[in-house]
Amino acid sequence: MKTRRLTEDETKTAAGILRDGGLVAFPTETVYGLGADGLNPEAVMSIFAAKGRPSDNPLILHISDRRMLERIVAEIPPVAEELMQAFWPGPLTLVFRKSEAVPSEVSAGLATVAVRMPDHELALRLIRETGRPIAAPSANRSGRPSPTSADHVLQDLDDRIDAVLLGEPSEVGMESTIVDVSGDKPCLLRPGGLTLEEVRRIAPETTVAGSTGHGEAPRAPGMKYRHYAPDAEVVLLQGDLGQQLAFIDEAHRKGLHREPFALMACQEMIDVWTGKESGLEMTLFSLGSRHQDKTLGKNVYAYLREADQAGIRTVFVESFKEENMGRTIMNRLKKAAHAGKESL
Ligand code: TXA
Ligand code: MG
């Protein structure tokens, strides 16, 4: 199938394709999504085929208004009201007990459904014009870095989907934060574009899945799959700044990793590397100042894809403190770093 490129003025065409059961990729503030009519089981199934995604991994329903929410959930707990009030539209996905209206293809057989209202003009217009919730995972081939531009979508899915709605690169660059509000206490299932610290300002009792030390199974089923991995090897640097940079020199001298190398780090670390004049040629990917926490994650996925296109074999990445956006970035980079070592 030929993938149509639709401009911002063609959301009505895109909505028509969705209502007819087709697949349309569209921009959101977090990453690009691969959308299908969320109430049409066959359309939803075709998402899994296009992505090569295991169908036991449930999808997020994207909504544009309150009425749509009430249609798809069984109840709205008070803490969900507060979180929605504070953060919707925005990079926060809430997991509710689902209503009968949600096909089991969306929830992968779970009794719950994940819902999000994106903070993106085009996305909201598309949902409104479609008139139903849009089921959408990130619009990448399963296992690849999430797409933050229409070009990334086409790299992975050209000729596999009906259309892509062309928008600007995504502002946040990391997927939404997922909080389960279906239990006694809110529980963070996946850190994302909204920080845990921000969630706890509204819901201080929020727990973190998997942090109880009981070795429980991952609560967001997607957490168990190979994820976010480029072809290049991703190596997370360890130790203080000096040790992290010294390791790169050592890897070069001892041939520990394949070259060419790249370093993805905050601008402060890159400045120190440049100042060292070690003589080792390396591509430098700056994530911006470490003091600009909100935008640190914006280019991570784009750089991983760029590394592949430039033929880089090893991407060294700075280890961030696991707080605020650093928690989200480390969550993704650890998965990218381990991807090659897993059996999947
Ligand atoms: O920012 C985002 O969230 C993007 C944009 C397109 O909205 N979407 C996205 O979707 O990242 P996806 O499919 O790549 O990730 C959805 C995650 C998966 O880890 C899945 O397991 C989890 O949400 N999930 C979906 N429904 C769930 C449920 N009912 N309970 C627990 N986890 C759920
Ligand atoms: Mg994804």
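Predicted model: local features only at pLDDT ≥ 70, side-chain atom pairs only at ≥ 80, totals over all residues.
The mean pLDDT of the protein is 93, and 94% of its residues reach a value of 70 or more. An exception is found at residues 213-218, where pLDDT stays under 50 and where the model has 3 contacts beyond four places in sequence.

The domain assignment divides the protein into domain 1, which covers residues 4-208, and domain 2, which covers residues 233-337. When the centres of domain 1 and domain 2 are taken over C-alpha atoms, 29 Å separate them. To the contact between the two, domain 1 gives 26 residues and domain 2 gives 19 residues. About 1,800 Å² of area is buried between domain 1 and domain 2, and carbon and sulfur atoms give 50% of this area.

Polar and charged groups also take part in the contact between the domains. Between domain 1 and domain 2 there are 11 residue pairs in polar contact, counted where both residues have pLDDT of 80 or more. On the side of domain 1 that touches domain 2, the elements that give two or more residues are α7 (150-157) and α8 (196-202). Sorted by class, this side of domain 1 has 8 nonpolar, 11 polar and 7 charged residues. The count of salt bridges between domain 1 and domain 2 is 6. Asp156 and Arg305 form a salt bridge, in which the closest N and O atoms are 3.0 Å apart.

In general, side chains of opposite charge can pair when their charged atoms come close. The structure as a whole holds 19 salt bridges, and among them is the one in which the side chains of Glu29 and Arg116 meet, with an N to O distance of 2.9 Å.

The backbone shows particular geometry in several loops. The peptide bond from Trp88 to Pro89 is cis, with omega near -10°, and Pro89 has its place in the loop between α4 (78-87) and β5 (92-97). A cis peptide bond also joins Glu259 and Pro260, where omega is about 5°, and Pro260 is found in the loop between α9 (241-254) and β13 (261-265). Glu277, a residue other than glycine, has a positive phi, near 45°, and Glu277 is placed in the loop between α10 (267-276) and β14 (283-286).

Key: Residues numbered from 1 in each chain as written. Chains lettered and ligands numbered in written order. Heavy atoms only, no water. Domains from an automatic or database assignment. Contact = heavy atoms within 4.5 Å. Buried area = accessible area lost by both parts, 1.4 Å probe. Salt bridge = Lys/Arg side-chain N within 4 Å of Asp/Glu carboxyl O. Polar contact = N/O pair within 3.5 Å; in protein donor to acceptor, adjacent residues only side chain to side chain. Helix = DSSP H or I, 4+ residues; strand = E, 2+ residues; numbered from the N terminus. Nonpolar A, V, L, I, M, F, W, Y, C, P; charged D, E, K, R; others polar. pLDDT = per-residue confidence, 0-100.
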